[in-house]
Amino acid sequence: MTVKESVRAGTPGAAEQDQPLTGMSATAVGRSTALAVAADHLALLGCTVADAPAPHTEGAGSLITTSGDGPVSHVLTCAIDWAGPVALPLASEADVQAACGITHVHGRRYGRPTPLPLDYAGAVTGVLAVTGVLAALHAAARGTRIGRVGTSVAQGALLATGQYLAAATADDEAWLPVLPVPGAAAPPFTSADGVRFEVETLHAEVWQRFWAALGADRPAIRRGWPPFQLRYATAVCPLPGELHRATTGAAYSVIRAAAARAGVSVVRVCGPGETEVVAAPSAPWSVTPLPVDRTAAPAPSPVLPSPAVPWPLAGLVVVESTTRVQGPLAGHVLALLGARVIRVEPPGGDPMRGIAPMAGGCSARFLALNRGKEVVEADLGTAGGRSTVRELVRDADVFLHNWAPGKAAARDLDAAGLAVVRPGLVHAWASGWGEAMGIAPPIGTDYLVQAGCGLAGLTARPGGPPAPSLMTLLDVLGGLVCAEGVLAALLSRAAAGHSRRVDTSLLSAATVLTTHGRGAASGPWETVTSVPFCTDLADLAADPRFGAALNRRECALPGRPWEFTA
């Protein structure tokens, strides 16, 4: 893909629109899901995209972008390969999933490598490609010319499995991962009247109240909590059969009532074309201009030395207050692009730092998402802690959080409030459901969103009932689209300097898969023979053919998924 762009800093009216690529054109050369996602997202940002299908391409395609009139113009090419630095003959989504661990992680619940019947690696890579393009354009607006961005579907797949790869390669003898056991079964559950559903709670006492109300015996409730709690880390959830039998003895209405009393979220598992969502998002992100304070000077973007810097976001400052996977991954992507990321954690540090397996004194999964970030501790429940955040934001370009709905306003740290502290700030919220489920949404975690939006019907094994994948598909994709939205907002800000609010969610990320992910559904998944199936991520990390794509410190971690050249 080649993109021609024009840097028009200070263009009148630019601050009033949220399509920063308006006036640009792009040509998409080739055919792949990665290329289709990238072209679609460029179009959503205002770029005019034309197809130029190539009869044969070595990689997954390329984008060539071109701009219209302007004082500074150049052509930017984004090349998307299949293998990239991985020394294997990868030539399809099936090859990448098999070799790079997706079939292994997705298949853990089934006890054998099982292909994910979606072009998931391609969708992830399409978002990464646009993120690289936007970063290059951001650098150009600050005086640094980048002519080519390169990425690959294999690098996208390795980033998507990064937390599992880190856990599998941590040297932690005390780590005992939860494994499938005979007679145990993962969610979803089924009610007496045949409704399949997912449940979610983050608290053991809530878990106990819910199952006790359904008549489950206490030993089964106790045995079920550890695998349920760890399922995001392990991609398996072997629950005692007694819990499944408890739900088959009650109608769905009774189960929902018990969940409401206990404080558990329950969401029906929807098949293709079905949804529990009240108002589905129309795009992966929303970039909204904030009212302009005419008395405040806009925040300047730092001017970088020319002709080149190592990474396109060098000099950018991000303040991040996030937990779990989606929010930290968004900050991690910005850090990989060169931004300075300052992470706000509670006094004593994020509890996730101590969750096994450990690597060099820190959780391996935490390292996969947060390595290289600076840390400032602050209690956001106090006025002093919130004041610390405002002081950090005063010198920042981006504030990123994934707090529960309403928390930002309650803390007086919402977009409008922080724009007063730092005119020109990009305020990014990475949520679960956004505002699509009303004022009292279910808990916004990966598996519930997969269930409620219909994605579970696309992730199930062929011929099987709808079932969410236990690989964190939306946490990863949600973090990537959040970073993508932040970069779009930074380009909008470059035109006029005033603040932007970016809203993304796991639900909005799901639109990438429901729109573009079906390409592999009819592929010959069980007959893939060109590459071996990964059956152990530790073996993958030790394979020299992956050496150029991984970094090995206390554990194996994916390297940067882009290459930038002048």
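Helices (H or I, at least four residues) and strands (E, at least two) are DSSP runs, numbered from the N terminus. This is a predicted model, in which local features need pLDDT of at least 70 and side-chain atom pairs count only at pLDDT 80 or more, while totals for chains, interfaces and linings use all residues. Residues are numbered from 1 along each chain as its sequence is written, and side-chain values use heavy atoms, with hydrogens and water left out.

Helix H4 covers residues 120-141, and its 22 residues should span 32 Å at 1.5 Å a residue, which agrees with the 32 Å between its end C-alpha atoms; the expected span is 1.5 Å times one less than the number of residues. Of these 22 residues, 21 are buried, so H4 is largely enclosed by the rest of the structure, where buried means under 20% relative accessible area with a 1.4 Å probe and protein chains only. After H4 comes Gly143, whose phi is positive, near 100°.

Strands E2 (residues 24-29) and E3 (residues 48-51) run parallel and are joined by 4 bridges; two strands pair if DSSP finds at least two bridges between them. Within this pair, Ala28 stands opposite Asp51 in E3. The chain passes from E2 through helix H1 (residues 33-44) to E3 in a right-handed β-α-β crossover, meaning that, with the strands pointing away from the viewer, the path from the first strand over the helix to the second runs clockwise.

| Space | Volume |
|---|---|
| Largest pocket | about 890 Å³ |
| Second largest pocket | about 530 Å³ |
| Largest cavity | about 90 Å³ |

The largest pocket is lined by 40 residues, with Leu202, Thr323, Asn402, Trp403 and Ala404 nearest its centre. Strand E12 (340-345) and strand E17 (426-431) are the elements that give two or more residues to this lining. Around the second largest pocket there are 20 lining residues, and Leu202, Gln229, Arg324, Met352 and Ile355 are the closest to its centre. Helix H8 (218-229) and helix H9 (231-234) each supply at least two residues of the lining of the second largest pocket.

The residues lining the largest cavity include Leu159, His332 and Pro558.

Methods. Buried means under 20% relative accessible area, exposed over 50%, partly exposed in between (1.4 Å probe, protein chains only). On a 1 Å grid over the protein atoms alone, a cavity is a set of points where a 1.4 Å probe fits but cannot get out, and a pocket is an open set with protein on both sides within 12 Å along at least five of seven lines; lining residues have an atom within 4 Å of a point. Grid points are joined across faces, edges and corners, and a volume is the space filled by probe spheres set on the points.
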